[in-house]
4 protein chains.
Amino acid sequence: MKLIISTKTGNYYYFDETKNQDFHTKEGFVKLDDILNNKKVISNTNKEFLVLEASDFDKINKFKRGPQLIQAKDLGYVVGRCRLSRKSCVLEAGGGMGVATSFFSSIVDSVTTYEIREEHLKIIRSNLDFMNCDNVELKLGDLNDEIGSYEKEKFDLLFLDMPDVEKVLEKDLKSIKNGGYIVCYVPSITQVLDITKVIEEKHDELYLEETTEIISRQWKCWGKVARPNHRKENDHTAFLVFIRKI
Amino acid sequence: MKLIISTKTGNYYYFDETKNQDFHTKEGFVKLDDILNNKKVISNTNKEFLVLEASDFDKINKFKRGPQLIQAKDLGYVVGRCRLSRKSCVLEAGGGMGVATSFFSSIVDSVTTYEIREEHLKIIRSNLDFMNCDNVELKLGDLNDEIGSYEKEKFDLLFLDMPDVEKVLEKDLKSIKNGGYIVCYVPSITQVLDITKVIEEKHDELYLEETTEIISRQWKCWGKVARPNHRKENDHTAFLVFIRKI
Amino acid sequence: MKLIISTKTGNYYYFDETKNQDFHTKEGFVKLDDILNNKKVISNTNKEFLVLEASDFDKINKFKRGPQLIQAKDLGYVVGRCRLSRKSCVLEAGGGMGVATSFFSSIVDSVTTYEIREEHLKIIRSNLDFMNCDNVELKLGDLNDEIGSYEKEKFDLLFLDMPDVEKVLEKDLKSIKNGGYIVCYVPSITQVLDITKVIEEKHDELYLEETTEIISRQWKCWGKVARPNHRKENDHTAFLVFIRKI
Amino acid sequence: MKLIISTKTGNYYYFDETKNQDFHTKEGFVKLDDILNNKKVISNTNKEFLVLEASDFDKINKFKRGPQLIQAKDLGYVVGRCRLSRKSCVLEAGGGMGVATSFFSSIVDSVTTYEIREEHLKIIRSNLDFMNCDNVELKLGDLNDEIGSYEKEKFDLLFLDMPDVEKVLEKDLKSIKNGGYIVCYVPSITQVLDITKVIEEKHDELYLEETTEIISRQWKCWGKVARPNHRKENDHTAFLVFIRKI
């Protein structure tokens, strides 16, 4: 996939060069051959475009959509804070559209993902296929019903992006490694309080290490200007609760 | 390595159980055997401790130190925003103490790291050995002198945490893949402006995609309290400049 | 003026009850008499409305508009940080639409305001009349030309919301009291740097006390939800530079 | 009172020139006459000091202390958001150390302040005397017992900086003007939720207009540096809940 940037408008276009078609946008038209052989092209309307290889980050923009996508600021912090690596084994519930799943998949050894709604599962599968993820086990169903059946100390991370996470915490969590992480992604601070109640009851098994909110500010820096970017202050997404398994 | 948490003070202790010694702290003493066989132990002074397997994140606390360590909030965003994966190839200059290097190493295919000060290089090597990183090439020297000599389109990410990053940008950057990222980690917004001047000159080769500041807020949520944690608002660290190679 | 709030949509309506007319909105119709005699009224379409006396803050919403209005978060901090009081004397340039002017006017002894564009001056005058401000001297012209002509130690605060503030700082500032404040409201950090250059030259006369950015976050707290309000994170407005006159 | 700033260390000294004494600090010694007649003085140790008239903001640093002082960022926003003016009448409970009281006093027509602890009341009285506030009625006692006894529509603002604010909200609030404000200053978001429960019950009388958190960031801008100031990111103080009286 190619990322094509209009130098005039700054618009980003994602272009599948394998479809053997020319490039058409409101800003003009460019021949496929031109795009395959140049890093800068001019359209029939005399507009200039930059041609770049799309990154995995770009490709997410082509994901089939449903609910809000988890952002790089939150996902990156989970990966950096838990220090996921190629040896890690991840269990995930609430697959979203597969953004977290595909990112975990490209880093860790294996991912097991639960999604309760069949139509969402289909979208996730389609998105994972698009990203060529081959180490993900996708499961239709409720993690609550099955988490107790996994072998002991199998997973390094349990990532929960779903309603009523506190119910999962009440289950048998022996499959999470001692010292491993349970990370809850919850929009409301009241949900954090619900989580802490379960931790208080299970304080022999769960340790609340950190509740963090990640805020990103994009800046406009060019020429004589350096200021936070209007309309790019990120809206609130969620609180991240990091729990250690004892 | 074990992470041992005092349930009374919340203090974290890092304990190397391979040294065949008992555990001694100001909060009391615990026998090695006790620690190896339990998840909760009581010291001779009747204090309770939780025993967890240390994560890679914990292990950084045992790094030999020099300059300020790059934080998970920034490092995670770089990894999430650039979507590093096990296929990625990273070039890095300004090794810090090896925190970024060891994290990249545990995720990507290979890392090449330049450090200009010999004493820093020794610390980095020691830290990388501690983390068992075996896919890092550590180079003593100035990246400016050698970046032009790498083969074309070798690297997915060039990560710069060093003074005068704009000088590197002026060099021959053919070794960075088309569509790949150059990420500059700079403390002052004036440095971002210096960077944009080079990009303006090299606008056929470099595209400024985003300048972002990542802010983390830790929260205290327990019982009847839910508020940002006093003395845990993170100080400013740096601005992250994401440049795409054309 | 009345503030009328729809309990269903949360919409705010500003209603001038002195115009002897009934209240008409898309949400329905209410008789004037009803509004004058009740705190809660029902429209012909059976919608409920709360009736409140409008505050000065509400009235700003009826201001004739031009450029972006200065926000309460910034204006409040200026007043609180400089500790304006009924004894204070304020000089202001760049009148905006009169929001700062009318607020200063309602607190301090006297305000002198410069505005260089005649059409803006007319709007400001109209807005000040609407707010019944009678202690403001409105001047058409460039403060740069006249600041040197004021008597010594007349003003407690010089408030600058205009381009090229550094040019004002280069002028004769004897009319600002020793210990008094010069506050610059500037959108870009590069303008702060321009200001510091003048201060460096005039370090016998000007002392840079603080450069601050005020960020407000609105929260949605109701029932089982407590989270930052989507789409209400405030965009960046400006940096506030607090300079003390020596 | 004079504010004396060391140009070398940036230290601020507050000096009462009416005490007829010379100025002594660790940084050296300056004669009183020197200070009274100059804006820049040199100490016996050859250190340079700037001499400024202290502002009301400076004077707060000489307040007798007890609990944490309310900050200009929060106090300013209350004043700016409620648009207090010389006509306003304020009722306040939880006097802190008199910081809010003295600021309200210097702006509005009259302030009535309740404080339940006698020792705090003494400190507040001493601080108000120091600031020459003569329009404050200080009351020893619990606002809950007396709020119902005030005449109808007397106050423009009820400002609550005390535990269990929700109990005050449950009382007879007829003394607050229709359209007037009740502002609660509460450290924890859980307290906001307690407040909303009372508002839900009294929805014919109280309207929740806004819950806001004010964050200030101080910047270091000088020479070639422009970045947020390390160790000056403000800790969390409180959430501000703005309620309109119907």
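Predicted model: local features only at pLDDT ≥ 70, side-chain atom pairs only at ≥ 80, totals over all residues.
**Entry 1: a strand in chain A**

I started with strand β7 (residues 89–93) of chain A, which is mostly covered, with four of its five residues buried. By buried I mean that 20 or more other C-beta atoms, placed from the backbone, lie within 10 Å of the residue's own; 12 or fewer makes it exposed, and anything in between partly exposed. Strands here are DSSP runs of E of at least two residues, helices are runs of H or I of at least four, and both are numbered from the N terminus.

Residues are numbered from 1 along each chain as its sequence is written, and chains are lettered from A and ligands numbered from 1 in the order in which they are written.

Next I looked up the partners of β7(A). Strand β8 (residues 110–115) of chain A pairs with β7(A) in the parallel sense over five bridges, with Val90(A) opposite Val111(A). Strand β10 (residues 155–160) of chain A is also a parallel partner of β7(A), over four bridges, and there Ala93(A) faces Leu160(A). Two strands count as paired if DSSP finds at least two bridges between them.

**Entry 2: a sheet in chain B**

I moved to chain B and found an open sheet of four strands in the order β2-β1-β6-β5, with antiparallel pairing. β2 (12–15) and β5 (40–42) of chain B are the edge strands with a single partner each, so one side of each has no neighbour in the sheet. From one strand to the next the twist averages 30°; axes are lines fitted to C-alpha atoms, for helices over the stretch in contact, and angles run from 0 to 180 degrees between N-to-C directions. Inside this sheet, β1 (residues 2–6) and β6 (residues 48–53) of chain B pair in the antiparallel sense over five bridges, and Lys2(B) stands opposite Glu53(B).

**Entry 3: chain A against chain B**

I then turned to the contact between chains A and B, which takes 51 residues from each of them. Two residues are in contact if their C-beta atoms, placed from the backbone, lie within 7 Å. On the side of chain A that touches chain B, strand β12 (residues 206–222) of chain A gives the largest share, 13 residues. That side divides into 25 nonpolar, twelve polar and 14 charged residues. In this count Ala, Val, Leu, Ile, Met, Phe, Trp, Tyr, Cys and Pro are nonpolar, Asp, Glu, Lys and Arg are charged, and the others, Gly among them, are polar.

β12(A) also pairs with β12 (residues 206–222) of chain B, in the antiparallel sense over nine bridges. I was pleased to find Ile215(A) opposite Ile215(B).

Chain A superposes on chain B by a rotation of 180° with 0.0 Å of shift along its axis, at an RMSD of 0.0 Å. Which residue of chain A comes closest to the rotation axis? I found Gly76(A), with its C-alpha at 2.0 Å. The copies meet through the same surface, because 100% of the interface residues of chain A are also interface residues in chain B.

**Entry 4: chain A against chain C**

Here 14 residues of chain A are in contact with 14 residues of chain C. On the chain A side, α8 (189–201) and β13 (225–228) are the elements that give two or more residues, and β13(A) supplies the largest share, four residues. By class, I noted five nonpolar, four polar and five charged residues on that side.

The same surface serves both copies, as 100% of the contact residues of chain A recur in chain C.

**Entry 5: inside chain C**

Arg83(C) follows α3(C) and has a positive phi, near 50°.

Val183(C) touches Val78(C) and Cys82(C), and its other contacts include Leu157(C), Phe159(C) and Leu240(C), not counting residues up to four places away in sequence.

Methods:
Least-squares fit on C-alpha atoms with pLDDT ≥ 70 in both.
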